[in-house]
Amino acid sequence: MSQAPSSHTDPRPSRSDVVRYDLGEVTLSVEVRGDGPALLFLHGFPLDRTIFRHQVATLAGWRRIAPDLRGMGASDAPEGGYSMAAYADDMARLLDRLGVQRAVVAGLSLGGYVVFELLRRHRSRVAGLVLCDTKAAADTPEGRQGRDDMIALAGRAGAAAVAERMLPKLLGRSTHGAQPLLVGEVRAMIQRTPVAGIVGALRAMKERPDSTPLLADIDVPTLVISGDEDELIPAAAARELAGAVPGATLTLIRGAGHVPTLEEPTAVSRVVAEFLEAVRP
Ligand code: MLT
């Protein structure tokens, strides 16, 4: 049985939970914890698997798998080879390596874009979805211009400048007001991200296709979550997403921005635990 997370803890993995998997094209750093049906966590940009640390630590009864996507966290950051297809194929290879046929997949923002690509390329691997602060639409022309500006900034001034540009909107106003340590932690997480991984992800996001046509055909249980202070992908987009996926439910997380898994971890873990209880095979 899933155990409802009960405390506002700040759990960190022990080193032994984190393994490097050589998947051929890249080696990924992956945290794997627990036993049971598989639950795969895909983080956002330009972050790493630790944005799910509370969920990975508390969602007992599931085999929690949290990789750093290529180019981010402690995974390899090759100079090229980034695309939604590459991220999704990495995940299919990782599931193969772990002997997992199907997983419930939780994707936050960029992680959600990878989920849509998984549905396109490896649909049989997906048993359920948690879509967090993400959207199905492709970039607008202004959005694509913004990617180019960020690519230029990263090349010119590095990850630290990307962190300063992104932070004001990445975390909610409540977090900026009340959780300075968390703001500092997320700043440091972005600053550690290799520029090759930042640029690769920006190009991959800029080129990603519109996934809206997929939504009506999603036939696995789906939970949509969004921080009600998310300025990057506002709550209205979450409502639209939940409305377009048959049977999907929506939960808005109060007082959280674009990364509610870190900003309001207990609330997110509780909602996900309830969803998992309902979809447990
Ligand atoms: C993310 O959090 O992954 C990014 O904000 C997604 C995006 O820039 O579209």
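Which pocket is the space taken by the ligand? The ligand takes the space of the largest pocket. A pocket here is an open set of points on a 1 Å grid over the protein atoms alone, with protein on both sides within 12 Å along at least five of seven lines. A molecule sits in a pocket if more than half of its atoms lie within 2 Å of the grid points of that pocket.

1. Basis of the note. This is a predicted model, in which local features need pLDDT of at least 70 and side-chain atom pairs count only at pLDDT 80 or more, while totals for chains, interfaces and linings use all residues. Residues are numbered from 1 along each chain as its sequence is written, and side-chain values use heavy atoms, with hydrogens and water left out.

2. The residues around the ligand are Gly-44, Phe-45, Ser-109, Leu-110, Tyr-113, Arg-147, Met-205, Leu-232 and His-258; a residue is included if one of its heavy atoms lies within 4 Å of the molecule.

3. A ligand oxygen lies 2.7 Å from a polar backbone atom of Phe-45. For the side chain of Tyr-113, the distance from a ligand oxygen to an N or O atom is 2.6 Å; for the side chain of His-258, it is 2.7 Å. The ligand exposes 270 Å² when taken alone, and the protein buries 91% of that. Such areas come from the Shrake-Rupley method with a 1.4 Å probe; for residues, only the protein chains shown count as cover.

4. Most residues other than glycine have a negative phi, and most peptide bonds are trans. The bond joining Phe-45 and Pro-46 is cis, with omega at about -15°. Pro-46 belongs to the loop between β3 (38–42) and α1 (53–58); helices (H or I, at least four residues) and strands (E, at least two) are DSSP runs, numbered from the N terminus. Ser-109, a residue other than glycine, has a positive phi near 55° and is placed in the loop between β5 (103–108) and α3 (110–121). Ser-109 counts as buried because its relative accessible area is 8%; buried means under 20%, exposed over 50% and partly exposed in between (1.4 Å probe, protein chains only).

5. Asp-133 lies in the loop between β6 (126–132) and α4 (141–170). Why is Asp-133 classed as buried? Asp-133 is so classed because its relative accessible area is 1%.

6. Strand β2. Seven of the seven residues of β2 (residues 27–33) are buried, and the strand is mostly covered. In a regular strand the side chains alternate between the two faces of the sheet. In β2, Thr-27, Ser-29, Glu-31 and Arg-33 point one way, whereas Leu-28, Val-30 and Val-32 point the other way.

7. Partners of β2. Strand β1 (residues 18–22) runs antiparallel to β2 and is joined to it by five bridges; two strands pair if DSSP finds at least two bridges between them. Val-18 has Glu-31 in β2 as its bridge partner. The two strands form a hairpin with four residues between them, and Gly-24 in the turn has a positive phi of about 100°. Strand β4 (residues 63–67) is also antiparallel to β2, with four bridges between them, and Ile-65 in β4 stands opposite Val-32.

8. Strand β4. Four of the five residues of β4 are buried, so the strand is largely enclosed by the rest of the structure. Ala-66 lies in β4 and counts as buried because its relative accessibility is 0%. Three bridges join β3 to β4, and these strands run parallel; Ala-38 stands opposite Arg-63 in β4.

9. Helix α7. Gly-197 is found in α7 (residues 195–207), and it counts as buried because its relative accessibility is 0%.

Note on methods
Polar contact = N/O pair within 3.5 Å; in protein donor to acceptor, adjacent residues only side chain to side chain. 1 Å grid on protein atoms, 1.4 Å probe; cavity = no way out; pocket = protein on both sides within 12 Å on 5 of 7 lines; lining within 4 Å.
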